Amino acid sequence: MKVVILGAGVIGVTSAYYLAKAGHEVTVLERQPGPALETSFANAGEVSPGYSSPWAAPGIPQKALKWLFMKHAPLIIQPMADLATWRWMLAMLANCTAARYAVNKGRMVRIAEYSRDCLIALRAETGIAYDERTQGTLEVFRTQKQLDNIGKDIEVLKKDGVPFEVLDRAGCVAAEPGLARSAPKIVGGLRLPGDETGDCFLFTQALSKLAEGLGVTFRYGVDIRRIKHSAGRVLAVETGQGDVRADAYVAALGSYAPALLAPLGLRLPIYPVKGYSITVPIVDEARAPVSTVMDEAHKVAITRLGDRIRVGGMAEIAGFNFDLPLARRATLEHSVEDLFGGAGDQSRATFWTGLRPMTPDGTPIIGATRYPNLFLNGGHGTLGWTMSCGSGRLLADLVSGVKPDIDGTDFALSRYA
């Protein structure tokens, strides 16, 4: 079967790889000159299934009000009057209940754990390298109140059989020796030894080459204009280089999928939540992180990537905005210097921003639409890298008509009907 994939970020490329492994003839259309040059380029670098949690959670509305007045706020809301922003925010608020949180987190952990298993198998089969480490993730808490509030997360981890450790201050330093100097600022932590880290950009670039070896055609610099359809089926993708036809089509365009699919009568509740990162060269190994450390106070992830530290975080509601305010950089610098002071050379750090395609419930949208030959793989928010391999494998099974290894019914767009 001929399959066309729209988008060559980590989600599009993993989809292409697994579809090619399933025996399909795959073409990927991408507007950039190469893969992973937008949201997948410089994310936080963590592959953290256990920390797969929806932003919509009990208490978030109250916290959001407090964050608006913080100097180093994890959430920034820019004044906007467009209907799409308000509709998405209201839908997110509707998911801020204990019952919805449990459902959403449960399915997020399901796809994320499956994805981690798929990544391990892929690495063993291909030897793919991407500055990967398999030394777990440590979430550190600066107040006793933060530590006391992890009960609901631990319940989900236990239910899903995810290994975890609740650590005191000394345990955090034992897991991450670079925290020794900042230990008095920490009261404890939650460590997930099964989590991994790695450079999503390097991974996607390498996987695209492996996919090419399986026969996948990547067409870069292609302007995707619209999807042609008739009688309930997709007929072609109109591009600046002519129409592209296939038997099946996969939209993996992140935050840009809703605008492309709206003329088909498909309303995707995906919003571009802006995130930031800095990449800092390491100058003192002893002070640097070993793996990923989550700073709960600022919702910032600090990740070791080879001889670099990637610091990523924040959620800014600002639409399709790519500005790089120095105040956001200051938050990232503050977090890493406060916990791992002197580990990296901030004068040589690179500053980046990307638009995370987020759904109101935090769960990605994977699977069929009411058009039988159109499929979706998007809306992964902050967890595209974490969920990429599992999402690609699940999507390939659904397109192929094969029963997936995990239940994927509640990832479909129909859950919003």
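Mentor: Begin with the surface, and keep in mind that this is a predicted model.

Trainee: Which residues form a nonpolar patch on the surface, and what accessible area do they have together?

Mentor: The patch includes Phe-69, placed in the loop between helix H2 (60-67) and strand S4 (75-77). Phe-69 has a relative accessible area of 74%, so it is exposed. Leu-65, Leu-68, Phe-69 and Ile-77 make up the patch, and together their accessible area is about 440 Å².

Trainee: Are H4 and H6 parallel or oblique to each other?

Mentor: Helix H4 (residues 98-126) packs against helix H6 (residues 151-159) with the axes 10 Å apart, at an angle of about 45°. The crossing of H4 and H6 is right-handed. Angles under 35 degrees count as roughly parallel and 65 to 115 as roughly perpendicular. H4 and H6 are therefore oblique.

Trainee: How are H1 and H8 oriented to each other?

Mentor: For helix H1 (residues 10-21) and helix H8 (residues 200-213), the axes are 9 Å apart and the angle is about 30°. Their crossing is left-handed. Since the cut-off is 35 degrees, H1 and H8 are therefore roughly parallel.

Trainee: What is the phi of Ala-231?

Mentor: Most residues other than glycine have a negative phi. Ala-231 sits in the loop between strand S10 (224-230) and strand S11 (233-239), and is exposed because its relative accessible area is 81%. Ala-231 is not a glycine, yet its phi is positive, at about 55°.

Trainee: Is Lys-299 buried or partly exposed?

Mentor: Lys-299 lies in the loop between strand S15 (292-295) and strand S16 (300-305). This residue also has a positive phi, about 55°. With a relative accessibility of 26%, Lys-299 is partly exposed.

Trainee: Which residues are linked with Arg-142 in a network of salt bridges?

Mentor: The structure holds 27 salt bridges. In one of them, Arg-142 meets Asp-295 at 2.9 Å, N to O. That pair links distant parts of the chain, 153 residues apart, and both Arg-142 and Asp-295 are buried. The network joins Arg-142 with Lys-185, Asp-295 and Asp-338.

Trainee: Arg-393 forms a salt bridge with Asp-397. Is Asp-397 buried or exposed?

Mentor: Arg-393 and Asp-397 are four residues apart in helix H11 (residues 384-400), about one turn of the helix, and their closest N and O atoms are 3.7 Å apart. Arg-393 has 30% relative accessibility, so it counts as partly exposed. Asp-397 has a relative accessible area of 10%, so it is buried.

Conventions
Residues are numbered from 1 along each chain as its sequence is written. This is a predicted model: local features need pLDDT of at least 70, side-chain atom pairs count only at pLDDT 80 or more; totals for chains, interfaces and linings use all residues. Side-chain values use heavy atoms; hydrogens and water are left out. Patches are made of residues with over 30% relative accessible area and no salt bridge: like charges are joined within 9 Å, nonpolar side chains (Val, Leu, Ile, Met, Phe, Trp, Tyr) within 5 Å. Accessible areas come from the Shrake-Rupley method with a 1.4 Å probe; for residues, only the protein chains shown count as cover. A salt bridge is a side-chain nitrogen of Lys or Arg within 4 Å of a carboxyl oxygen of Asp or Glu. Helices (H or I, at least four residues) and strands (E, at least two) are DSSP runs, numbered from the N terminus. Buried means under 20% relative accessible area, exposed over 50%, partly exposed in between (1.4 Å probe, protein chains only). Axes are lines fitted to C-alpha atoms, for helices over the stretch in contact, and angles run from 0 to 180 degrees between N-to-C directions. Angles under 35 degrees count as roughly parallel, over 145 as roughly antiparallel, 65 to 115 as roughly perpendicular and the rest as oblique. A crossing is left-handed if the near helix is turned anticlockwise from the far one by less than a right angle, and right-handed if clockwise.
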